[in-house]
Amino acid sequence: MSKPKSKANQQYQTARIARVCDYIAAHLDDDLPLARLCRVAHCSPYHFHRLFTAHVGTGLFAYTQLLRLKRASYQLVFRKDMKIITIALDAHFASPEAFARTFKRTFDQTPSQFRRQPDWPAWHSRAIVQPPLGVQKMQVKLIDFAATKIAVLEHLGAPERLNASVERFIAWRKATQLSPVKSKRTFGIAYSNPRTTAPEAFRFDICGEVEADVPTNPQGVITKTIPSGRCAVIRHRGSRDHMEEPIMALYREWLPASGEELRDFPLFFEYRNFFPDTPENELITDIYLPLK
């Protein structure tokens with residue numbers, strides 16, 4: 001009878017596949033030959049596919065193609081200036097027709113339909129992948145956050161529809177230039193936990209820093225302020241689909257040991273860069289926990 005794997009060995013195996021997933025996310029524009037990925041994983045090609053599938057839950061080709069289709073989805077909606085043929089080639093399809101067939105099979109909309117009116121809830125159920133996560137050390141900083149005036153689009157409804165609200169906020173930002181993304185900070189205020197809140201009650205503010213109050217506008221963007229005060233801050237690196245664990249660790253591990261008390265303001269985020277311009281594994285998000 002074989003001995004069970006030690007916890008340390010399991011962590012080592014997970015870390016190896018996490019490195020591969022990070023490498024794939026950072027090199028979606030490249031060919032990804034098996035030999036190269038095996039070197040990243042320090043794994044024999046005879047075992048790589050089974051090891052990858054065991055940790056990720058899907059095969060290497062399907063995983064890589066889904067990441068490319070996910071990026072293509074964002075390009076279709078948030079990069080309207082990109083032609084569909086360019087997006088198809090970026091996603092490593094030989095032709096727009098092959099891209100359209102695979103996109104429709106995956107998301108039940110053609111690329112043109114998705115660009116015009118994306119079905120974000122259906123997309124969300126198929127596009128979110130959960131690769132094994134490498135270990136991120138939780139380095140907590142205590143800071144004094146200065147009061148910041150923000151333009152806000154209030155999202156109320158299922159988290160899977162949040163991207164539709166993001167579209168509206170981007171449209172306001174581009175039309176008014178009152179909060180240019182290149183020179184003004186971008187925030188999100190999390191009033192609700194999506195895991196414990198009924199979809200229809202989920203609240204989230206999509207925010208951009210502004211100098212003055214926001215005039216009335218067709219997108220419904222309003223003015224608010226993130227108040228000044230002490231905050232604990234941790235930096236999350238990687239996909240924003242996978243921020244739940246560092247957030248829970250902040251509440252579950254750091255807060256009780258710190259002796260700090262929470263302030264009456266929600267958890268909020270500062271987004272330092274953006275997908276699809278930045279590969280998902282290189283996204284940087286600062287997570288702020290308001291303290292007394």
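**Group meeting: a walk through a predicted protein chain**

Let me begin with helix 2, residues 34-41, where Leu-37, Cys-38, Val-40 and Ala-41 are buried, that is, under 20% relative accessible area, whereas exposed means over 50% and partly exposed in between, with a 1.4 Å probe and protein chains only. Seen down the axis of helix 2, these buried residues fall within an arc of 155°, so they line one face of the helix. The arc is that of the directions from the helix axis to the C-beta atoms. A general point applies here: an α-helix has 3.6 residues a turn, so residues three or four places apart point the same way. Just after helix 2, His-42 takes a positive phi of about 55°.

Residues are numbered from 1 along each chain as its sequence is written, and side-chain values use heavy atoms, with hydrogens and water left out.

I turn now to the chain as a whole. Its secondary structure comes to ten helices and eight strands; these are DSSP runs, with H or I over at least four residues for helices and E over at least two for strands, numbered from the N terminus. The radius of gyration is 21 Å, close to the 19 Å that the globule rule gives for 292 residues, so the chain is as compact as a globular protein of that length. That radius is taken over C-alpha atoms, and the rule is 2.2 Å times the number of residues to the power 0.38. Along its principal axes, the C-alpha trace spans about 60 × 50 × 35 Å. Of the 292 residues, 45% count as buried.

What share of the contacts with a separation of 6 or more comes from residues 24 or more positions apart? The share is 71%, where contact means heavy atoms within 4.5 Å.

Next, consider Asp-90, which lies in helix 5, residues 84-90. This residue is partly exposed, with a relative accessible area of 27%. Leaving aside neighbours within four places in sequence, Asp-90 is in contact with Leu-28, Asp-29, Arg-71, Gln-75 and Met-82. Asp-90 and Ala-151 are 61 residues apart in sequence and, C-alpha to C-alpha, 34 Å apart in space.

Finally, I come to the backbone in the loops. His-92, in the loop between helix 5 and helix 6, has a positive phi of about 70° although it is not a glycine. His-92 is partly exposed, at a relative accessible area of 33%. Gln-177, also not a glycine, has a positive phi of about 60° and sits in the loop between helix 9 and strand 3 (186-190).

Where is the peptide bond from Phe-275 to Pro-276, cis or trans? The bond is cis, with omega near 10°, and Pro-276 is found in the loop between strand 7 (267-271) and strand 8 (284-290).

Terms used:
Predicted model: local features only at pLDDT ≥ 70, side-chain atom pairs only at ≥ 80, totals over all residues.
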